[in-house]
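Please examine the structure shown below and follow how its parts are arranged and held in contact. The report moves from the overall layout to individual side chains.

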Amino acid sequence: MDEIEIPQYFICPISLQIMKDPVTAVTGITYDRESIEQWLKTSKHTTCPVTKQALPSDSDLTPNHTLWRLIQAWSAANASNGMDLIPTPKTPVSKSRVVKLIRDFGVPSLYMNALKKMEVLAEDNERKRKCLEEAGVPKAVILLLITCHRQGKISCLEQALRILHLIWTPCSEIKALVNQNCDFIDCLTWILLCETENPVIVTIHVMVILKRVIEVTNSRLLEKLKPEFFKQMLRVLKSKTSQQATKSALHILIQTCQWGRNKSKMMDANAIFELIEFELEKPEKHVTELIINLLAHLCSCADGRAQFLGHAGSIAMVAKRILKVSPATDDRAVQILKSISKYAATKHVLVEMLKVGAVTKLCMVMQADCAAYVKEKARGILRLHSNLWNGSPCIAVYLLTRYQRPREAHGGVEEGKK
């Protein structure tokens, strides 16, 4: 292979490799399609790499069939010397072809075939996904899924969801469609209940798409989410379908719990119990972060605190996560203990906090390299119930450092005066 002399005009000016799909830009220079498309996509300045002339990112790239035939003939002639044959380039997808496939959605005998062709295009490469997006496929697929929901059809769900998963874009048109009503959210919730051939794959697609949908949904619709929606999110969480589906469900619950009566709807679905049970199985750290964050939100209301304390392992679980996972988890875990100690501090609860190590952990937070605002929360909890906890060795240390600090500061001032 090293002895073969490769004609210079077979080499792409960007990749410096033999071109497999030569295309000529409007500047007259020929490049390998993949290389020039990547250049136009990522370059800050859309210029021709060789001539430095302006080259808009949406410039036409004309296939150089003559050069491709020369390269193919040359590679075939040198096959015995170890040269790989150059495959026939795939035909670029046109917008008109995609529009025709969208029209086929309205024909009962054609829509399945149209979906399969779109799925192949979406899986192929970024260029084809971009073409599908620009032709309006995301909107068309959303409307198709809503129609399937209304008619109870499940035959095309997996293909449609995969396409949408691959080409979803939060453009203004999609945001407007999603925010018209709850139809699409209801549709995705319904799909989670459907019996499909590949339930795991379908669930992953639905959860990823639903997370993206919730991110662009306005507060008016988020306040109207139905109890069944939250039941399905918790069912996905409990089923442990996949890490991706689990994280998506937690993100969705965190984002929706802050609106309307959604916290109450989660309480009705027994959310806190399920979250604590899930966390007791010691999931990965990022999942723990999300669970503790969600629990902190839910414990901001009385029903949430009551459910939290109704689980025998709740306080111990939160205490054990402090200083073990991440700074964000420390903040949210201390916030949970603050809510409990301020608004639900019965003697039984305070004794349990001491017994399971929550008080010790709060003292450790005071000594650890935590953010000042987290330490202030911990200090506030310890100060609030120091009379009941004064028998604890860690409280004695806390009180000692608390009373030493002002004297040390005062001594520092006097030293400064000298």
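**Domains and sheet**

The model discussed here is a predicted one. Its protein chain is assigned two domains: domain 1 covers residues 8–78, and domain 2 covers residues 270–401. The centres of domain 1 and domain 2, taken over C-alpha atoms, are separated by 60 Å.

An open sheet is formed by three strands in the order 2-1-3, and the pairing is antiparallel. Strand 2 (30–32) and strand 3 (62–63) are the edge strands, since each of them pairs on one side only. In general, the strands of a sheet pair through backbone hydrogen bonds, in either a parallel or an antiparallel manner. Strand 1 (residues 22–24) and strand 3 run antiparallel and are joined by two bridges. Within this arrangement, valine 23 stands opposite proline 63 of strand 3. Helix 1 (residues 33–42) lies across strand 1, strand 2 and strand 3. The helix runs at about 95° to strand 2.

**Salt bridges**

Side chains of opposite charge can pair when their charged atoms come close. How many salt bridges does a search of the whole structure find? The search finds 17. Three of these pairs are listed here.

| Salt bridge | Closest N and O atoms |
|---|---|
| Arginine 162 and glutamate 123 | 2.4 Å |
| Lysine 139 and glutamate 173 | 3.6 Å |
| Lysine 377 and aspartate 331 | 2.6 Å |

Arginine 162 forms a salt bridge with glutamate 123. Arginine 162 belongs to helix 7 (residues 157–167) and glutamate 123 to helix 4 (residues 111–124), so this pair ties together parts that are 39 residues apart in sequence. Arginine 162 counts as partly exposed because its relative accessibility is 27%. Glutamate 123, at 39% relative accessibility, also counts as partly exposed.

Lysine 139 forms a salt bridge with glutamate 173. Since lysine 139 lies in helix 6 (residues 137–151) and glutamate 173 in helix 8 (residues 172–178), the pair ties together parts that are 34 residues apart in sequence. Lysine 139 has a relative accessible area of 31% and is therefore partly exposed. Glutamate 173 counts as partly exposed at 39% relative accessibility.

Lysine 377 forms a salt bridge with aspartate 331. Lysine 377 is found in helix 22 (residues 372–384) and aspartate 331 in helix 19 (residues 327–343), so the pair ties together parts that are 46 residues apart in sequence. Are lysine 377 and aspartate 331 buried or exposed? Both lysine 377 and aspartate 331 are buried.

Salt bridges also link Asp21, Arg33 and Glu37 in a network.

**Aromatic pairs**

A pair of aromatic rings is described by the distance of the centres and the angle of the planes. The structure holds three aromatic pairs. In one of them, the ring centres of phenylalanine 10 and tryptophan 74 are 5.6 Å apart and the planes stand at 75°, so the pair is edge-to-face. Phenylalanine 10 lies in the segment before strand 1 and tryptophan 74 in helix 2 (residues 65–77), so the pair ties together parts that are 64 residues apart in sequence. Phenylalanine 10 and tryptophan 74 are both buried.

The rings of phenylalanine 229 and phenylalanine 230 have centres 5.2 Å apart and planes at 90°, and the pair is therefore edge-to-face. Phenylalanine 229 is buried, with a relative accessible area of 2%. Phenylalanine 230 is buried as well, with a relative accessible area of 0%.

Finally, ring pairs link Tyr9, Phe10 and Trp74 into a cluster.

Technical notes
Residues are numbered from 1 along each chain as its sequence is written. This is a predicted model: local features need pLDDT of at least 70, side-chain atom pairs count only at pLDDT 80 or more; totals for chains, interfaces and linings use all residues. Side-chain values use heavy atoms; hydrogens and water are left out. Two strands pair if DSSP finds at least two bridges between them. Helices (H or I, at least four residues) and strands (E, at least two) are DSSP runs, numbered from the N terminus. Contact means heavy atoms within 4.5 Å. Axes are lines fitted to C-alpha atoms, for helices over the stretch in contact, and angles run from 0 to 180 degrees between N-to-C directions. Domain bounds come from an automatic or database domain assignment. A salt bridge is a side-chain nitrogen of Lys or Arg within 4 Å of a carboxyl oxygen of Asp or Glu. Buried means under 20% relative accessible area, exposed over 50%, partly exposed in between (1.4 Å probe, protein chains only). Rings of Phe, Tyr and Trp (its six-membered ring) pair if their centres lie within 6.5 Å; planes under 30 degrees apart count as stacked, over 60 as edge-to-face and the rest as tilted.
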